[in-house]
Amino acid sequence: MDRFNQTSPVVGFILLGLSAHPRLEKTFFVLILLMYLVILLGNGVLILVTILDSHLHTPMYFFLGNLSFLDICYTTSSVPLILDSFLTPRKTISFSACFGQMFLSFAMGATECVLLGMMAFDRYVAICNPLRYSMVMNKAIYIPMAAGSWAAGITNSVVQTSQAMRLPFCGDNVINHFTCEILAVLKLACADISMNVISMVVANVIFLGVPVLFIFVSYVFIIATILRIPSAEGKKKAFSTCSAHLTVVVVFYGTILFMYGKPKSKDPLGEDKQDLSDKLTSLFYGVVTPMLNPIIYSLRNKDVKAAVKNLVHQ
């Protein structure tokens, strides 16, 4: 009750991060910095080749270019802040900067969920209806699909962030996280957050549940179509066109399930260890998936490999 009676407004927040583990901070600074540079290089190269190589001017690579740009934006919204927190003794962030970072991260995460669903539809049409592919997936269709993904993610972020910003924050201003993660921030509000929680549950159903269901149904049809191909070579060729996307989907959603699906410890000592584990899992989720995406598409796609080689030799 004391917390709700305090009226001193919060003008900024303190990001706890790894403050309780100072020895880890320098190690993770180097590790996260290297991973961030790989993200910028790998996704930057993918964006370049999808723009410069005329052979990659297709819906699949257009979506891939969007995914790479999205991954750069997502990591840039949080990684510089995390790196700075590893080196700065006083890990403070202003109110406006906190919600700005929250908005960008939320928008990019929601957009990626929708975009992966759009990419699944593209693979469904390519494998299940190859003769109609050029007619169905023309510019008038796939450009609005990508734009709609961005618009949906940004709109959701505007709603969630604006609701959080209207909450009163007073007293405790320590965020037990590396960044302004929305759930960690909501815990500090000195008001009822039930409407915020309900809004987030609805958003999670729309932006996590619906795309997962859509991707699952798409791949049921894709796998059924591939199994009906008589030759082993034909099956291999068909599966190779969607294996990279499927791998990215498994990594992306698999990490989310690992983060939020594991049981919570009831032992006080176990809670401290789990708190560190949850933070590190969240940290690596924010950098590992964007780092792996260009690697997966480069290793599993002959067209991308050839385009990268041409770019290097120019």
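In the protein chain, 81% of the contacts with a separation of 6 or more are between residues 24 or more positions apart, a contact being heavy atoms within 4.5 Å. The model is a predicted one, in which local features need pLDDT of at least 70 and side-chain atom pairs count only at pLDDT 80 or more, while totals for chains, interfaces and linings use all residues. Residues are numbered from 1 along each chain as its sequence is written, and side-chain values use heavy atoms, with hydrogens and water left out.

The chain holds twelve helices and three strands. Both are DSSP runs, numbered from the N terminus: helices are H or I over at least four residues, strands are E over at least two. Of its 314 residues, 45% count as buried. Here buried means under 20% relative accessible area, exposed means over 50%, and partly exposed covers what falls in between (1.4 Å probe, protein chains only).

Helix α7 takes up residues 139-165. Its 27 residues reach 38 Å from the first C-alpha to the last, close to the 39 Å expected at 1.5 Å a residue; the expected span is 1.5 Å times one less than the number of residues.

The buried residues of α7 include Y142, M145, S149, W150, G153, N156 and Q160. An α-helix has 3.6 residues a turn, so residues three or four places apart point the same way. As for what lies against α7, its buried residues pack against α3, α5, α8 (182-186) and α9 (194-227). N156 is a handy example from this helix. It counts as buried because its relative accessible area is 9%, and N156 touches F106, A110, A203 and F207, leaving out residues up to four places away in sequence.

Helix α3 is mostly covered, with 14 of its 18 residues buried. Its end C-alpha atoms sit 26 Å apart, which agrees with the 26 Å that 18 residues should span at 1.5 Å a residue. L70 belongs to this helix and counts as buried because its relative accessibility is 0%. Leaving out residues up to four places away in sequence, L70 touches M108, T111, E112, L115 and W150. Of these, M108 is 38 residues from L70 in sequence, yet the two are 6.3 Å apart in space, C-alpha to C-alpha.

Over in helix α4 (residues 79-87) there is L81. L81 touches L15, I93, Q101, F178 and T179, again not counting residues up to four places away in sequence.

L41, in helix α2 (residues 22-52), is exposed because its relative accessible area is 59%. Its C-alpha atom is 9.3 Å from that of M291, 250 residues apart along the chain. I295 is found in helix α11 (residues 268-299) and is partly exposed, given its relative accessible area of 36%. I295 and N43 are 252 residues apart in sequence and 8.9 Å apart in space, C-alpha to C-alpha.

Then there is the second largest pocket, with about 610 Å³ of space. On a 1 Å grid over the protein atoms alone, a pocket is an open set of points where a 1.4 Å probe fits, with protein on both sides within 12 Å along at least five of seven lines, and lining residues have an atom within 4 Å of a point. Grid points are joined across faces, edges and corners, and the volume is the space filled by probe spheres set on them. This pocket is lined by 20 residues, of which K237, S240, T241, N301 and D303 are the closest to its centre. The elements giving two or more residues to the lining are α3 (59-76), α5 (95-128), α10 (232-261) and α12 (302-313), and α10 gives the most, with six. By class, the lining has seven nonpolar, five polar and eight charged residues. Nonpolar covers Ala, Val, Leu, Ile, Met, Phe, Trp, Tyr, Cys and Pro, charged covers Asp, Glu, Lys and Arg, and the others, Gly among them, are polar.

Helix α10 also holds S243, which counts as buried because its relative accessibility is 6%. A polar atom of the S243 side chain lies 3.3 Å from the backbone oxygen of S240.

Methods:
Polar contact = N/O pair within 3.5 Å; in protein donor to acceptor, adjacent residues only side chain to side chain.
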